[in-house]
Amino acid sequence: MPNPISGFSKLSKSEKIDWIVSTYFSNKEDAKSLVTQYWNTDKKLQKLHDEFIENTITNYYLPLGVAPNFLINNRLYTIPMAIEESSVVAAASKAAKFWLDRGGFKTEVIATEKIGQVHFMYEGNYKELETFFNVVKPKLISEAAHLTKNMERRGGGIRAIALINKTKDLENYYQLHATFETLDAMGANFINSCLEQFAQTFEREAKNTLENNIDIVMSILSNYVPNCLVRAEVSCPISELKSKDIKHPEVFAQKFKQAINIAEIEPYRAVTHNKGIMNGIDAVVLATGNDFRAVEAGVHAYASRNDSYASLTHCTIEDDIFKFWIEIPLALGTVGGLTNLHPLVKFCLELLENPSARELMQIVAVAGLAQNFAAVKSLTTTGIQEGHMKMHLMNILNQFEATAEEKLKLVDHFKTNSVTHSAVVAAIKHLRS
Ligand code: MEV
């Protein structure tokens, strides 16, 4: 076991790498050369990446792919996706093309409200606290004016502050529950700064007014944003579902709907179903420099809002019309954070024609819906492995360090043979024998 190290963050990048390789790696030269091989030769660009976090030693690549042909509200998009999973971009592109010929995706932003809370304890009388809150509320807002004036000028800002009594759930526990409109910013810094200002004003004024002091526990935004909601939908007459892979559209539509109904009531299936949706969502969220952990946390909480964890997508068949839609909370930004800093994020936003946060919400929701359509379509027809393994073929070939010529031959071979790990290994061996 290595000895603990103090002052690690103060070491230079090379010293950090030297310490890591000499402490943990048997082949120190190889480990060091691998890490440095991923440095960008453009020193300025590398420095930018070094400074995103602490203790950067190198860069960690993910592929950035694009899925073209997304028709969203009659506007055509090519959607950038940063993801490592082989089949995701191919599946998104296929779904985009499928719906391009059937009217495309229709989307709507339902609401854009963000939430933040000051959590505090108070042992005194509730009525007294309530009266104090009503008196101090204008001051909470006015003392945050230096933080809110720019946002307000653009039409955003604090929308409401409420006092919430949570003492039934936890002794002496109350909240200031605030709602915000943060326009094109994700708004985390704005909200957290406002909340810390509310807490300061509230605590100070309480000392001068209330018999019992209040004790601030913490002030922080919530990543649960059920009122920052977007909807995306596709629909068409059942007969129009007919395509190369869908020979019997009526049978397909019914089975597809059953699969969605299962995910609506069965949590084990719903988690995997929603994971497939997040394949699309996270990839675009990441490519556009947004916080995918915040999105994930909020989305899964939303999926559990009615007692049990359930599907985020829904399907109906009415009057011969197949309709499939998603409703999902997405707190996204197209200004601030990484969006102005990371050159590839800027590139991805320009590729999307510099969307507003509302537009990005719609694009991301579409990516999730398209991904889910592709997954459920495969699951209920050919099974998922056919497409997955076709895309995974290249990973297996790379594992065996196949040459360009071998790849050409084997990709051709597996156009007409099913891909399994053992079949690929056997084919490589056969080719090399
Ligand atoms: C794999 O990453 C995602 C799927 O499992 C999603 C699903 O089952 O719906 C294919």
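Helices here are DSSP runs of H or I with at least four residues, numbered from the N terminus, and the model in which they are shown is a predicted one.

View 1. Two helices, α9 (267-287) and α12 (357-380), each supply at least two residues of the shell around the ligand. The largest share of this shell comes from α9, which gives six residues. The shell as a whole is made up of E85, R269, T272, H273, K275, G276, N279, A375, L379 and I384. Sorted by class, the residues of the shell divide into three nonpolar, four polar and three charged.

**View 2. Polar side chains facing oxygen atoms of the ligand.** In the side chain of E85, an N or O atom is 2.6 Å from an oxygen atom of the ligand, and for the side chain of R269 the corresponding distance to an oxygen atom of the ligand is 2.8 Å. A polar side-chain atom of N279 likewise lies 2.9 Å from an oxygen atom of the ligand. The ligand taken alone exposes 300 Å², and the protein buries 87% of that area.

**View 3. The second largest pocket, where the ligand sits.** The space that the ligand takes is the second largest pocket, and the volume of this pocket is about 960 Å³. It is lined by 37 residues, of which A91, K94, A374, S378 and G387 are the closest to its centre. Four helices, α4 (88-100), α9, α12 and α13 (384-399), each supply at least two residues of the lining of this second largest pocket, and α12 gives the most, with eight residues. By class, the lining of the second largest pocket has 11 nonpolar, 14 polar and 12 charged residues.

**View 4. The largest pocket.** About 1100 Å³ of space lies in the largest pocket. Its lining consists of 29 residues, and those closest to the centre of the pocket are H49, F52, Y60, L338 and H342. The helices α3 (43-50), α9, α10 (292-303) and α11 (343-351) each supply at least two residues of the lining of the largest pocket, with α11 giving the most, namely four residues. In the lining of the largest pocket, 17 residues are nonpolar, 10 are polar and two are charged.

View 5. Around the ligand itself, α9 is the source of the largest share of the shell.

Methods. Residues numbered from 1 in each chain as written. Predicted model: local features only at pLDDT ≥ 70, side-chain atom pairs only at ≥ 80, totals over all residues. Heavy atoms only, no water. Near = heavy atom within 4 Å. Polar contact = N/O pair within 3.5 Å; in protein donor to acceptor, adjacent residues only side chain to side chain. Areas by Shrake-Rupley, 256 points an atom, 1.4 Å probe, with all protein chains shown as cover. 1 Å grid on protein atoms, 1.4 Å probe; cavity = no way out; pocket = protein on both sides within 12 Å on 5 of 7 lines; lining within 4 Å. Sits in = over half its atoms within 2 Å of the grid points. Nonpolar A, V, L, I, M, F, W, Y, C, P; charged D, E, K, R; others polar. Points joined across faces, edges and corners; volume = space filled by probe spheres on them.
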